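Visitor: I am new to this structure. Could you take me through it, one question at a time?

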Amino acid sequence: MESITKGVENYQRKQRFHKNGVSDLENISEDHYFVKNNYRYVVPYPFEFRVNTKQRWFGRRVLEVFSWEFPHGSQQYWEKELTEGRLLVNGDKVSPDFILRNGHVLTHIVHRHEAATTTEEAEIIYVDPDKVVVNKPASLPVHPCGNYRKNSLIARLYVEKDLKNLHVTHRLDRQTSGLVIFARNKKYAKILSEKFHERKVYKTYVARVHGRFPSETVVCNQKLCFDVHDCVGSCSDSGKDATTIFKLLSYNSDLGHSLVECKPQTGRTHQIRLHLQYLGHPIVNDPLYGLDYVTNDMENELHSPSVDTLSEDIIQKGQELNCPICPRITVHDANERSCSIWLHAKEYKSCDWAFSSPLPYWSNFT
């Protein structure tokens, strides 16, 4: 592992990246990936998260701030990062009691093990000089975020399809499959963003849900809240207005599942999932808003690879549960993150275009 350690040191001296940026896509190549058991992994690599001190952090201890704002790590974890010099303020090592002020820049240096995704390719539905329409597979996010960067849709399109300088104008949840529209220039990015913001794009999804859904059209107007800290939504009369129109497409009495068409009239986070839960018909495999959900063997293989089954060359590249570079286990258990849910963005329409995608395999269960 000496070469990995040297790589971290060289990285710290030579390179700087901003969290969630895509400006470093030109450095990504197919050599940064490997496939195992039909899942696509990223070779672990040194990475630097950098963030400016936010106003709500002023006058607070750095350990307190990171323990609250970034709960994926415990207080003990962040204290160790500070004392061992992986979490820095203005490039300097500080104590856990250091008080944050305006102008401070915080840097967290990690050896990054990205979560795996499926090897399913993103199907190109349509291309013209202004836009690219893609059928996104479930399991990968639209853009770099969280524990995904090179295993994001925009990065995969760069590597696999040579599609560069794409502009994100709307998003799908990582676990959701279906249509994503990218702009290919700044002018059209503004036009397309305004269409989505002003609700001039009409969306149709399909979902596979528990129970027999009503045969008549159902309009759900339940208001919704979303907790950005815990990344979970809820139905609440004090929340924001939200409307979704639902229609039964088919029902399988043996399975007790319905296929439902979903047309959101507003764009709240997790809106369809929350409204289906509220109606008593949650998405069958939704780990957040469904019934008790147990991951299957395929999902366990995706996120909990056994070191014993990994080949020697992969181990040498650092893809281990207990990596000597990392202060903690960085490959998450499947019970903590589901690969996909049975929700699919089927169709988008505006006044001047309409696009649709093939239905996923799970929609054919009658």
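Visitor: Which residue with a positive phi follows helix 6?
Guide: This is a predicted model, in which local features need pLDDT of at least 70, side-chain atom pairs count only at pLDDT 80 or more, and totals for chains, interfaces and linings use all residues. Residues are numbered from 1 along each chain as its sequence is written, and side-chain values use heavy atoms, with hydrogens and water left out. Helices (H or I, at least four residues) and strands (E, at least two) are DSSP runs, numbered from the N terminus. Phi is near 85 degrees at the residue after helix 6, G280.

Visitor: How many of the eight residues of helix 6 are buried?
Guide: Buried means under 20% relative accessible area, exposed over 50%, partly exposed in between (1.4 Å probe, protein chains only). In helix 6 (residues 271–278), the buried ones are Q271, I272, R273, L274, H275 and L276. The helix is largely enclosed by the rest of the structure, because the buried count is six of the eight.

Visitor: What is the strand order in the open sheet of three strands?
Guide: Two strands pair if DSSP finds at least two bridges between them. Strands of a sheet pair through backbone hydrogen bonds, either parallel or antiparallel. Here the pairing is antiparallel, and the order is 1-2-7.

Visitor: Why is one side of strand 1 and of strand 7 left without a neighbour in the sheet?
Guide: Strand 1 (33–36) pairs with strand 2 (residues 39–42) over four bridges. Within that pair, K36 stands opposite Y39. Strand 1 and strand 7 (117–118) stand at the edges, so each has a single partner strand.

Visitor: Which helix packs on this sheet?
Guide: The helix touches strand 1, strand 2 and strand 7, where contact means heavy atoms within 4.5 Å. Its direction makes about 95 degrees with that of strand 1. Axes are lines fitted to C-alpha atoms, for helices over the stretch in contact, and angles run from 0 to 180 degrees between N-to-C directions. The helix is helix 4 (residues 153–161).

Visitor: Which are the edge strands of the open sheet of four strands?
Guide: That sheet is antiparallel, with the order 3-6-4-5. Strand 3 pairs with strand 6 (residues 105–112) over eight bridges, and Y45 has R112 as its bridge partner. Each edge strand pairs on one side only: they are strand 3 and strand 5 (92–93).

Visitor: How many aromatic pairs does a search of the whole structure find?
Guide: Rings of Phe, Tyr and Trp (its six-membered ring) pair if their centres lie within 6.5 Å; planes under 30 degrees apart count as stacked, over 60 as edge-to-face and the rest as tilted. The search gives 13.
One of the pairs is W57 with F70, edge-to-face at 6.3 Å centre to centre and 75 degrees between the planes.

Visitor: Is W57 buried or exposed?
Guide: W57 belongs to one aromatic cluster with F66, F70, Y77 and W78. K54 lies over its face, at 5.8 Å from the ring centre. A charge sits over a ring if NZ of Lys or CZ of Arg is within 6 Å of the ring centre and within 35 degrees of the ring normal. Because its relative accessibility is 0%, W57 counts as buried.

Visitor: Over which ring does the charged end of R40 sit?
Guide: The charged end of R40 is 4.2 Å from the ring centre. The ring belongs to Y33.
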